[in-house]
Amino acid sequence: MSRATTAEHVAQNGFTVHTRGRGFSEITEQVAQRVAASGVQVGIVNIFTAHTSCSLLISENADPAVRADLERWFARAVPDGDALFQHDAEGPDDMPAHVRSILTGVSLTIPVHGGKPRLGTWQGVYLWEHRRDPHQRKVTVTVLGH
């Protein structure tokens, strides 16, 4: 698997995730579809969301308790309505959502091999909504490779 290659092909596409409020939306299949459509066999895929109150992550995809545990941990670490925060223009979950997004990140880069994202057996790609209310989140998928 170790051979030098140049990025001869770049493809970029996007999709929208309709969240139900705070929680996880698995987007592994949407990303895999964009990678397959790109024609890239070996390279990388970058996934990016242009929002400040949601994030992207790779997490355990077999046991939903993992994501529930993450949500509970963040609720304790960055609680809604904390008096520490001045920025609450959109409610008590406003600034905590920004902090959660900064801590977890808005982009991911994953190797592509055989025309597929090279994820581990128990890995899935998720958009994590940090606001309580439903939102429409845009995701951009950029595939580079050969």
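**Figure 1. Pairing of strand 3 with strand 5 in the predicted model.** Asn46 has Thr109 of strand 5 as its bridge partner. Strand 3 (residues 42-49) and strand 5 run antiparallel and are joined by seven bridges.

**Figure 2. The two faces of strand 5.** Side chains alternate along residues 107-113.

**Figure 3. The hairpin of strand 5 and strand 6.** Two bridges connect strand 5 to strand 6 (residues 116-117), and the strands run antiparallel. Val112 is paired with Pro117 of strand 6. Two residues lie between the strands, and Gly114 in the turn has a positive phi of about 65°.

**Figure 4. Salt bridges of Arg22 with Glu71 and Asp80.** The closest N and O atoms of Arg22 and Glu71 are 4.0 Å apart. Arg22 lies in the loop between strand 1 and strand 2 and Glu71 in helix 2 (residues 64-77), so this pair ties together parts that are 49 residues apart in sequence. For Asp80 and Arg22, the closest N and O atoms are 3.0 Å apart. Asp80 belongs to the loop between helix 2 and helix 3, 58 residues from Arg22. Glu71 is buried at 16% relative accessible area, while Arg22 is partly exposed at 27%, as is Asp80 at 23%.

Figure 5. Arg72 is exposed, with 53% relative accessibility; Asp69 is partly exposed, with 42%.

Technical notes. Residues numbered from 1 in each chain as written. Predicted model: local features only at pLDDT ≥ 70, side-chain atom pairs only at ≥ 80, totals over all residues. Heavy atoms only, no water. Buried < 20%, exposed > 50% of the residue type's maximum accessible area, 1.4 Å probe, protein only. Helix = DSSP H or I, 4+ residues; strand = E, 2+ residues; numbered from the N terminus. Pairing = 2+ DSSP bridges. Salt bridge = Lys/Arg side-chain N within 4 Å of Asp/Glu carboxyl O.
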